[in-house]
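Please consult the sequence and the structure while reading.

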Amino acid sequence: MNLNNYGYQVYYINGKQILLHRHLYEIYHNVTLKSTDIIHHIDGNRQNNSKENLKLCTIAENNLSRKVSRKSKSGIKNIQIFENYYLIKIVKDGEIKFNQKYYKDLFSLEDVIEIRNIELVKIHGEFACFR
């Protein structure tokens, strides 16, 4: 089995690249996927193609699983750290759904992370991603 440039397992039939996770999803669920259908690896491991780890989702839902941007100064998803406060900012479908300051003299970073986690689940449900 080969890996493509994105870390997905692939094989070839008559020179055409087949993504293993998509093929297995079709077998597991007895469906034919459209080219626009997105299959999400729930645990983020692109080599874990078990039935329990593959989920059909929208592009927006799949994008929620992205890791913290390399541009992030805090290294913590959805949290910015300023001199006197922390800022939690959560966006869904291009709209700010949660935007709140937490002052450092009242809240620890651990407190703010816990609040962020609760809000992510409220907003994104099962697709909430904390990494």
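Q: How many bridges join strand S2 to strand S3?
A: This is a predicted model, in which local features need pLDDT of at least 70, side-chain atom pairs count only at pLDDT 80 or more, and totals for chains, interfaces and linings use all residues. Residues are numbered from 1 along each chain as its sequence is written, and side-chain values use heavy atoms, with hydrogens and water left out. Strand S2 covers residues 9-13 and strand S3 residues 16-19; strands (E, at least two residues) and helices (H or I, at least four) are DSSP runs numbered from the N terminus. The two strands run antiparallel, and the number of bridges that join them is four.

Q: Which residue of S3 is the bridge partner of tyrosine 12?
A: Two strands count as paired if DSSP finds at least two bridges between them. Tyrosine 11 has its bridge partner in S3 at isoleucine 18. For tyrosine 12, the partner in S3 is glutamine 17.

Q: What is the phi of asparagine 14, in the turn of the hairpin?
A: S2 and S3 form a hairpin with two residues between them, and asparagine 14 lies in that loop. Asparagine 14 is exposed, with a relative accessible area of 80%; buried means under 20%, exposed over 50%, and partly exposed in between (1.4 Å probe, protein chains only). Its phi is positive in a residue other than glycine, with a value of about 50 degrees.

Q: Which strands stand at the edges of the open sheet?
A: Three strands form this sheet in the order S1-S2-S3, with antiparallel pairing. Each edge strand has a single partner strand, so one side of each is left without a neighbour in the sheet. The edge strands are S1 (2-3) and S3.

Q: What pattern does the chain follow along the sequence, and what is its radius of gyration?
A: The chain has three helices and eight strands, and they follow the pattern β-β-β-α-β-β-α-β-β-β-α. The chain is more spread out than a compact globule, because its radius of gyration is well over the 14 Å that the globule rule gives for 131 residues. The radius is taken over C-alpha atoms, and the rule is 2.2 Å times the number of residues to the power 0.38. Along its principal axes the C-alpha trace spans about 65 × 25 × 25 Å, and the radius of gyration is 18 Å.

Q: Which element has the lowest mean pLDDT?
A: The predictor's confidence in each residue is given as pLDDT, from 0 to 100. The chain averages 89, and 100% of the residues score at least 70. Helix H1 (residues 20-29) has the highest mean among the elements, 96. The lowest mean, 79, belongs to H2.

Q: Which element gives the largest share of the lining of the largest pocket?
A: On a 1 Å grid over the protein atoms alone, a pocket is an open set of points where a 1.4 Å probe fits, with protein on both sides within 12 Å along at least five of seven lines; lining residues have an atom within 4 Å of a point. The largest pocket has a volume of about 740 Å³, the space filled by probe spheres set on the points, which are joined across faces, edges and corners. Of its 31 lining residues, the closest to the centre are Lys77, Asn78, Lys89, Ile90 and Val91. Five residues, the largest share of the lining, come from S7.

Q: Which element gives the most to the lining of the second largest pocket?
A: The second largest pocket has a volume of about 380 Å³. Its lining includes Tyr8, His40, Arg46 and Arg131. The elements that give two or more residues to this lining are strand S4 (38-41) and H2. With three residues, the most is given by S4.

Q: Is aspartate 93 buried or exposed?
A: Aspartate 93 lies in the loop between S7 and S8. Although it is not a glycine, aspartate 93 has a positive phi of about 55 degrees. At 65% relative accessibility, aspartate 93 counts as exposed.
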